[in-house]
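Here is my note on the model you sent. The points can be read in order or one at a time.

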Amino acid sequence: MSKQEQMDKIQAMVNNIKYTMMTTRTHEDHLHSCPMNTTETSIGAKEIWFIGHSPSETVDNINNNPEVNLAYVSQDDKSYLSVTGRAELVEDREKLDELWSMTYNAYFEQGKEDPKVQLIKVVPHGAEYWENGNAIASAVKMTAAAVTDTAIEKSLGENFSIDL
């Protein structure tokens, strides 16, 4: 699979999944994860956008250490994606106007004029993708491996890592 095909697969997956778990590092160097709604993604342009709250633990953690991980799981639990990147806290009125939807009014009392609105851009620098194969075929291969005391075939699904 070419690098462009891998990027296209990652782009399609992120576009089809509403939420990700964003993991940051706390001031005590512990990991902290929270669900975030991905508002816009361009893997080719190296941009994944979110609208968050400030102040919040996530924003504080990004200020302290901008390295983040984004974990995506497809609704059918057959595809998984881990994206590593650097988060930026962005003040850009035009971008906020572009990304805003009425849904966010439920989270911010003053809509997009709320001073708590915080744009977060993640610049991805790597990703790893896993996709399970056919569930029945995988179950048969796993059973055969268990009965014969051999390792599971690598043909259970697809996996690749990519530098972005």
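1. Overall layout. This is a predicted model. The protein contains four helices and seven strands, and their order from the N terminus is α-β-β-β-α-β-β-α-β-α-β. Of its 164 residues, 38% are buried. When contacts between residues at least 6 apart in sequence are taken, 69% of them connect residues at least 24 apart.

2. Strands E1 and E2. Strand E1 (residues 19–25) is antiparallel to E2, and seven bridges link the two.

3. Strands E2 and E3. E2 is also antiparallel to E3, here over four bridges. Glutamate 40 lies opposite tryptophan 49 in E3. Four residues separate the strands of this hairpin, and lysine 46 has a positive phi near 60°.

4. Strand E4 and its partners. E1 and E4 run antiparallel and are joined by three bridges, with methionine 22 opposite leucine 70 in E4. E4 pairs with E5 as well, in the antiparallel sense and over seven bridges; here alanine 71 stands opposite serine 82 in E5. The hairpin of E4 and E5 has five residues between the strands, and aspartate 77 takes a positive phi near 55°.

5. The two faces of E4. Strand E4 (residues 67–73) has one covered face, made up of Val68, Leu70 and Tyr72. Its uncovered face holds Glu67, Asn69, Ala71 and Val73. Leu70, on the covered face, is the residue that stands opposite methionine 22. Ala71, on the uncovered face, is the one opposite serine 82.

6. The largest pocket. Which elements supply at least two residues each to the lining of the largest pocket? They are strand E2 (31–42), strand E3 (47–53) and helix H2 (57–64). E2 gives the most, with four residues. The volume of this pocket is about 310 Å³. Its lining consists of 17 residues, and Pro35, Met36, Asn37, Ile51 and His53 lie nearest the centre. Sorted by class, the lining has ten nonpolar, six polar and one charged residues.

7. Serine 79. This residue belongs to strand E5 (residues 79–90). Is serine 79 buried or exposed? Its relative accessible area is 11%, which is under the 20% cut-off, so serine 79 counts as buried. Beyond the residues up to four places away in sequence, serine 79 touches Met13, Tyr72, Val73, Ser74, Tyr129, Trp130 and Glu131. Among these, Tyr72 is on the covered face of E4 and Val73 on the uncovered one.

8. Lysine 95. Lysine 95 sits in helix H3 (residues 93–99). With a relative accessible area of 10%, lysine 95 is buried. Its contacts, leaving aside neighbours within four places in sequence, are Glu40, Glu47, Trp49 and Leu119.

9. Histidine 125. Histidine 125 is part of strand E6 (residues 117–132). Its relative accessible area of 37% makes histidine 125 partly exposed. Which residues does histidine 125 contact, leaving aside its neighbours within four places in sequence? They are Glu67, Thr84, Gly85, Arg86, Ile162, Asp163 and Leu164. With glutamate 67, the contact includes a polar one between the side chains, at 2.9 Å. Glu67 is on the uncovered face of E4. Leucine 164 is 39 residues from histidine 125 in sequence, and their C-alpha atoms are 4.6 Å apart.

Definitions and conventions:
Residues are numbered from 1 along each chain as its sequence is written. This is a predicted model: local features need pLDDT of at least 70, side-chain atom pairs count only at pLDDT 80 or more; totals for chains, interfaces and linings use all residues. Side-chain values use heavy atoms; hydrogens and water are left out. Buried means under 20% relative accessible area, exposed over 50%, partly exposed in between (1.4 Å probe, protein chains only). Contact means heavy atoms within 4.5 Å. On a 1 Å grid over the protein atoms alone, a cavity is a set of points where a 1.4 Å probe fits but cannot get out, and a pocket is an open set with protein on both sides within 12 Å along at least five of seven lines; lining residues have an atom within 4 Å of a point. Grid points are joined across faces, edges and corners, and a volume is the space filled by probe spheres set on the points. Ala, Val, Leu, Ile, Met, Phe, Trp, Tyr, Cys and Pro count as nonpolar, Asp, Glu, Lys and Arg as charged, and the others, Gly among them, as polar. Two strands pair if DSSP finds at least two bridges between them. A polar contact is a pair of N or O atoms within 3.5 Å; within protein, one must be able to donate a hydrogen and the other to accept it, and residues adjacent in sequence count only if both atoms are side-chain atoms.
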